Amino acid sequence: MYRYDEFDAQLVADRTRQFRTQVERRLAGRLSEAEFRPLRLMNGLYLQLHAYMLRVAVPYGTLNSEQFRMLAHLAEKYDRGYGHITTRQNMQFNWPKLPDVPDMLDDLASVQMHAIQTSGNCIRNVTCDPYAGATAEEIEDPRPMAELIRQWSTLHPEFTFLPRKFKIAVTASEKDRALIKAHDIGIQIVKNDDGDVGYKIFVGGGLGRTPIIGQVLRNYLPKGELLAYLTAALRVYNRYGRRDNKYKARIKILVQETGIETFTEQVEAEYKTIDISDISVSDAERERITSYFAAPDFETLKHDPSEFTKALEGNRAFSLWAKNNVAAHKASGYAIVNISLKPKDLAPGDITATQMRAVSDMADTYSFGELRSTHQQNLVLPHVKQSDLPALFAELEAAGLAADNINLISDIICCPGMDFCALATARSIPVSQAIAERFADPERQRTIGEMQIKISGCINACGHHHVGHIGILGLEKAGVEFYQVKLGGDASEDAAIGKVTGPGFSQEELVDGIERMVDFYLETREGSERFLDTYRRIGITPFKEVLYA
Amino acid sequence: MSTLKHKGKGPQSMTANELRDGYSVWLDENLDWTRDFSAALRTEDLDLIDRMQLKADTDEKANIVVGIYFIDIETESGMPVRYREKFRVNGPSYDTADLLEAK
């Protein structure tokens, strides 16, 4: 875990002190709403449909148990007892009161957290593979690089007022768990032909009302040049990105209108004007940052110890959970544990204060005090001994967190929708609950296999519906909600935008239609095909026929 | 002054959010702000609508409320016309907090 240095601590302390006086001036009438609004947004405070909403940054989705306990404290003391994990790995609180927010920020600062750059036209919180530092698939831990970008981009004077918000995601594996191709810039740690570690840079991806898969900007960038190159790319965007129309202002539009070849030439030309030594980070500094993410002291353990294999044989519930929710770890005898925040009756991504404390305790007992949030609105305990899995499972069951549905049909990404969001056009939470209810039978879920349903309550696509195997977009006309369906989206390394099937449905018709498509898939699939594989093999037409039957 | 003058059709209510707590509020018959929409003033009387506008402007300047605007009201049901406004009246159809309170 990265620990704030004196500059970080001072910066956050100054910022929270400034915001306290800004709130005081607003409440006393010395700041108008027009003056205050950009200030509160710069501190992650929105005014939503029913109340204020505070979005807390979770840099690259990494938390320690102390920080998660603090989030529980905020939920209980200042909100209504729960928090919501977002699709950018952050945590939102739906009911804070304006006079309390400075105290919330002070409390956050006490555990090295804040809400800076979770809103506004700046470089937002960097997101990351939640298995970072734990998976054998990665070339190296991507978090030191993510932390470097965090430090560089925090209150960056040149990039605080970009044409529009700017999102960066990083990974170090071929297997993409960070959706890097749907970001303004995606960074993949790679090795070149000489075996040197560097970066592959994608640009111009994004979802929203104009979904686009990112394109390669640089196939290989030497390690020491990352910040200089990002500076060049951001400068080109800052210079040429449209400011006349907010819906055309993201870098993806610039890249599309310019063409990737010309855009690349512009970035490379800008890059040549930059003195890399001015901005590059020394090996010593990179090593200093990397040292904070050093692997824990893993014990030398046997793979698949008897405590684990006996439990697999003797406890069916544990066995099913382990099969779905536990992933391979790089260290022998350890495992990565996914905690589903998608129980049948709750809103995807919501977690109560009591559960947060329980997970914090589990992180301390079983995972070196570390946990992660994921863009799929779940949690991860990254370093758990396989021999501890039965005990951990029992604690998860007691906390109501043992849903064994990771990557199954009820593991649905879902934005807050009209129930909370001021931008939404329709509800999304009840739709996710209706689908989860329809497919509640765990055996049926396992028979269906990997399935990613993603729901957005408006065209802004916070629920990532464009990249769902089944994507659902909620709209409203004349006071009636209806839902459009997309098929064939993919959030993985083979990222793809789904295709619209046609006219929308009521919620009830939608769930029936999804069930018909799933049944059709089960009848039609060959071998171990996933829903997405079958869709790719036979195309959209047969699925549309059963959807609209 | 607010630029959000009455431009609607039929009965109108004036709404905003409380500055301190952020909750949705509506002007009632006494031109006080209420969190209870059932007590909201719904009227087509243009003189009254002018008074509502004046009161809302004044309270926005006095930092009691933010984001004032009129909403159209359905004559028969007395509910807001726009779907979004119905949600502001009824609150979220699902909130994890309600489950916690029920426990």
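Trainee: Is B:Asn63 buried or partly exposed?
Mentor: B:Asn63 is partly exposed, because 18 other C-beta atoms lie within 10 Å and a residue counts as buried at 20 or more. Keep in mind that this is a predicted model.

Trainee: Where is B:Asn63 in the chain?
Mentor: B:Asn63 sits in the loop between α1 (46–61) and β4 (65–72) of chain B. Its phi is positive, about 65 degrees, although B:Asn63 is not a glycine.

Trainee: Why point that out?
Mentor: Most residues other than glycine have a negative phi.

Trainee: What about A:Phe368, what is its phi?
Mentor: A:Phe368 is not a glycine either, and its phi is positive at about 55 degrees. A:Phe368 belongs to the loop between α13 (353–366) and β14 (370–373) of chain A. It counts as partly exposed because it has 19 C-beta neighbours inside 10 Å.

Trainee: Switching to the two chains. How many residues of chain B are in contact with chain A?
Mentor: There are 20 residues of chain B in contact with 26 residues of chain A. On the chain B side, α2 (83–90) and α3 (96–102) each supply at least two residues.

Trainee: And how do the residues on that side of chain B divide?
Mentor: The side of chain B that touches chain A has 10 nonpolar, 7 polar and 3 charged residues.

Trainee: Now strands. How many residues of β12 in chain A are buried?
Mentor: For strand β12 (residues 334–339) of chain A, 6 of the 6 residues are buried, so the strand is largely enclosed by the rest of the structure.

Trainee: Which residues are on which side of β12(A)?
Mentor: A:Tyr334, A:Ile336 and A:Asn338 are on one side, with A:Ala335, A:Val337 and A:Ile339 on the other, and both faces are covered.

Trainee: What does β12(A) pair with?
Mentor: Strand β11 (residues 326–328) of chain A pairs with β12(A) in the antiparallel sense over 3 bridges. A:Val326 has A:Val337 as its bridge partner. Strand β15 (residues 379–385) of chain A also runs antiparallel to β12(A), and 5 bridges join them. There, A:Ile339 stands opposite A:Leu379.

Trainee: How many residues lie between the strands in the hairpin of β11(A) and β12(A)?
Mentor: That hairpin has 5 residues between its strands, and A:Gly333 in the hairpin takes a positive phi near 85 degrees.

Trainee: On to helices. How many residues of α5 in chain A are buried?
Mentor: In helix α5 (residues 143–153) of chain A, 9 of the 11 residues are buried, so the helix is largely enclosed by the rest of the structure. Among the buried ones are A:Met145, A:Leu148 and A:Ile149, along with A:Arg143, A:Glu147 and A:Arg150.

Trainee: What do the buried residues of α5(A) pack against?
Mentor: Their packing partners in chain A include the strands β3 (62–64) and β8 (185–191) and the helices α6 (226–240) and α10 (283–291). After α5(A) comes A:Leu155, with a positive phi near 50 degrees.

Trainee: Last one. At what angle do α1 and α4 of chain A pack?
Mentor: Helix α1 (residues 6–27) and helix α4 (residues 101–109) pack at about 170 degrees, with their axes 9 Å apart. They are therefore roughly antiparallel to each other.

Trainee: Which residues meet there?
Mentor: Among them are A:Phe19 and A:Val23 in α1(A), and A:Leu105 and A:Asp106 in α4(A). The residues of this contact divide into 8 nonpolar, 1 polar and 2 charged.

Note on methods. Residues are numbered from 1 along each chain as its sequence is written. Chains are lettered from A and ligands numbered from 1 in the order in which they are written. This is a predicted model: local features need pLDDT of at least 70, side-chain atom pairs count only at pLDDT 80 or more; totals for chains, interfaces and linings use all residues. Axes are lines fitted to C-alpha atoms, for helices over the stretch in contact, and angles run from 0 to 180 degrees between N-to-C directions. Helices (H or I, at least four residues) and strands (E, at least two) are DSSP runs, numbered from the N terminus. Angles under 35 degrees count as roughly parallel, over 145 as roughly antiparallel, 65 to 115 as roughly perpendicular and the rest as oblique. Two residues are in contact if their C-beta atoms, placed from the backbone, lie within 7 Å. Ala, Val, Leu, Ile, Met, Phe, Trp, Tyr, Cys and Pro count as nonpolar, Asp, Glu, Lys and Arg as charged, and the others, Gly among them, as polar. A residue is buried if 20 or more other C-beta atoms lie within 10 Å of its own, exposed if 12 or fewer, and partly exposed in between; C-beta atoms are placed from the backbone. Two strands pair if DSSP finds at least two bridges between them.
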